[in-house]
Amino acid sequence: PHQVARHGMVRTFQLTKVMSRLTVLDNMLLGAPVQPGEGMFRALFPGMWRKQEQANIEKAEALLERFLLIKKKDDYAGAIDLIREAIKLDALPNKSQFQALYQLAQLSLAQEKYQDALDAITEWFKLTGAQTADAFAVQGNAYYRLDKFQPAIDSMKKALSLSEKANESWMQILMACYFELEQYDEASKVAEQQLAKDPNNKKL
């Protein structure tokens, strides 16, 4: 076995579950490679690792922003299991049940469980009858991650139509969907339309 290992033919086992007692942000930080603060000696000297830790936090928050989950960064990752259990019991008041479904959709996105996220937000739409920009954005995001580009386009267009200001991350997903479908002219139109709505946005 040791000779095989030296040639790089090795299998490692990984824990793919989240740490339920850590926040969503903390779980993401665990995946950062080569962290100098992990060593016992260096951990005693924050000056040796604090800069990189801040960089890792910024990267993690950028990913959460991209997935429209930045508001959930301080939630405990184990909350998703608790929410599922509460929904199954069907013992919550309607308003709380609706909020639980919405949170389930958002947290499922954070854990890359895109079909679960889509199922939850679809059920939320069905039960509430509501149409909000943020909810359509969650739905469009889930469709996009599942490579269902046309439904993602439809959802993101609704999200943008219900929003007064251009949302950069929503617009990026919409344009990415058009690119995946090779509809380049449509992608250009999106940028132009959003620029018209928000002419001071230098990122467009």
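User: What span should the 17 residues of α6 have, and how far apart are its end C-alpha atoms?
Analyst: This is a predicted model. At 1.5 Å a residue, α6 should span 24 Å. Its end C-alpha atoms lie 25 Å apart, which agrees with that expectation.
User: Which residues of α6 are buried?
Analyst: The buried residues of α6 are Q97, A100, L101, Y102, L104, A105, Q106, L107, S108 and L109.
User: And which residue with a positive phi follows α6?
Analyst: That is E112, with phi near 60 degrees.
User: Now the packing. How many residues does the largest nonpolar core have?
Analyst: The largest nonpolar core has 37 residues, and I121, W124, W170, L174 and C177 have the most contacts inside it. Two or more residues each come from α6, α7, α8, α9, α10 and α11. The largest share, 8 residues, is that of α8.
User: What is C177 in contact with, leaving aside its neighbours within four places in sequence?
Analyst: C177 is then in contact with Y144, F149, A152 and I153.
User: How many residues are in the second, separate core?
Analyst: The second core has 7 residues, including V24, L25, L29 and L64.
User: One more topic: is S155 buried or exposed?
Analyst: S155, which lies in helix α9, is buried, because its relative accessible area of 4% is under the 20% cut-off.
User: What does S155 touch, not counting residues up to four places away in sequence?
Analyst: S155 touches F136, Q139, G140 and Y143.

Terms used:
Residues numbered from 1 in each chain as written. Predicted model: local features only at pLDDT ≥ 70, side-chain atom pairs only at ≥ 80, totals over all residues. Heavy atoms only, no water. Core = buried A, V, L, I, M, F, W, Y, C linked by side-chain atoms within 4.5 Å. Buried < 20%, exposed > 50% of the residue type's maximum accessible area, 1.4 Å probe, protein only. Helix = DSSP H or I, 4+ residues; strand = E, 2+ residues; numbered from the N terminus. Contact = heavy atoms within 4.5 Å. Expected span 1.5 Å × (residues − 1).
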